[in-house]
Amino acid sequence: MQTLEGKTIDVYVYASTLQWFDADPVGPVGLLKRHRALLETIASEKFDRRNPTDAGPLHISEEDLHRARTTDGVVDDDE
């Protein structure tokens, strides 16, 4: 992920997490492509909330995906 300041932040999500979120058999790369906008939104929100001195990668979890799916104002890619 690239911040507005030009800093690169590593973001990762496990293939099993994506497959839990969307059981379509397109494979992990297909799921990444399909849900890219949602994953970018989640990563951006997590980056904005985290401690600025934390330089580690951002992890998108099942909880993050579930929260995004059920939160008003966030696109639900399954609909």
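The model is predicted, so local features need pLDDT of at least 70 and side-chain atom pairs count only at pLDDT 80 or more, while totals for chains, interfaces and linings use all residues. Residues are numbered from 1 along each chain as its sequence is written, and side-chain values use heavy atoms, with hydrogens and water left out.

**The whole chain**

Begin with the chain in a cartoon view. Its secondary structure comes to four helices and two strands; helices (H or I, at least four residues) and strands (E, at least two) are DSSP runs, numbered from the N terminus. Followed from the N terminus, the elements run β-α-α-α-β-α. Of the 79 residues, 27% count as buried, where buried means under 20% relative accessible area, exposed over 50%, and partly exposed in between (1.4 Å probe, protein chains only).

**Ile42**

Select Ile42 next, in helix α3 (residues 36-49). Is Ile42 buried or exposed? Ile42 is buried, with a relative accessible area of 5%. Now display its surroundings: not counting residues up to four places away in sequence, Ile42 touches Ile60, Asp64, Leu65 and Ala68, a contact being heavy atoms within 4.5 Å. Leu65 lies 23 residues from Ile42 in sequence, and the two are 7.8 Å apart in space, C-alpha to C-alpha.

**Helix α4**

Select residues 62-70, which form helix α4; Asp64, Leu65 and Ala68 are its buried residues. Seen down the axis of α4, these buried residues fall within an arc of 95°, so they line one face of the helix; the arc is that of the directions from the helix axis to the C-beta atoms. What do the buried residues of α4 pack against? They pack against α1 (15-21), α3 and β2 (58-59).

**The largest pocket**

Finally, select Met1, Gln2, Val11, Glu40 and Ala43, which lie nearest the centre of the largest pocket among its 17 lining residues. A pocket is an open set of points on a 1 Å grid over the protein atoms alone, where a 1.4 Å probe fits, with protein on both sides within 12 Å along at least five of seven lines; lining residues have an atom within 4 Å of a point. The volume of this pocket, the space filled by probe spheres set on the points, is about 380 Å³. Helix α3 gives the largest share of the lining, seven residues.
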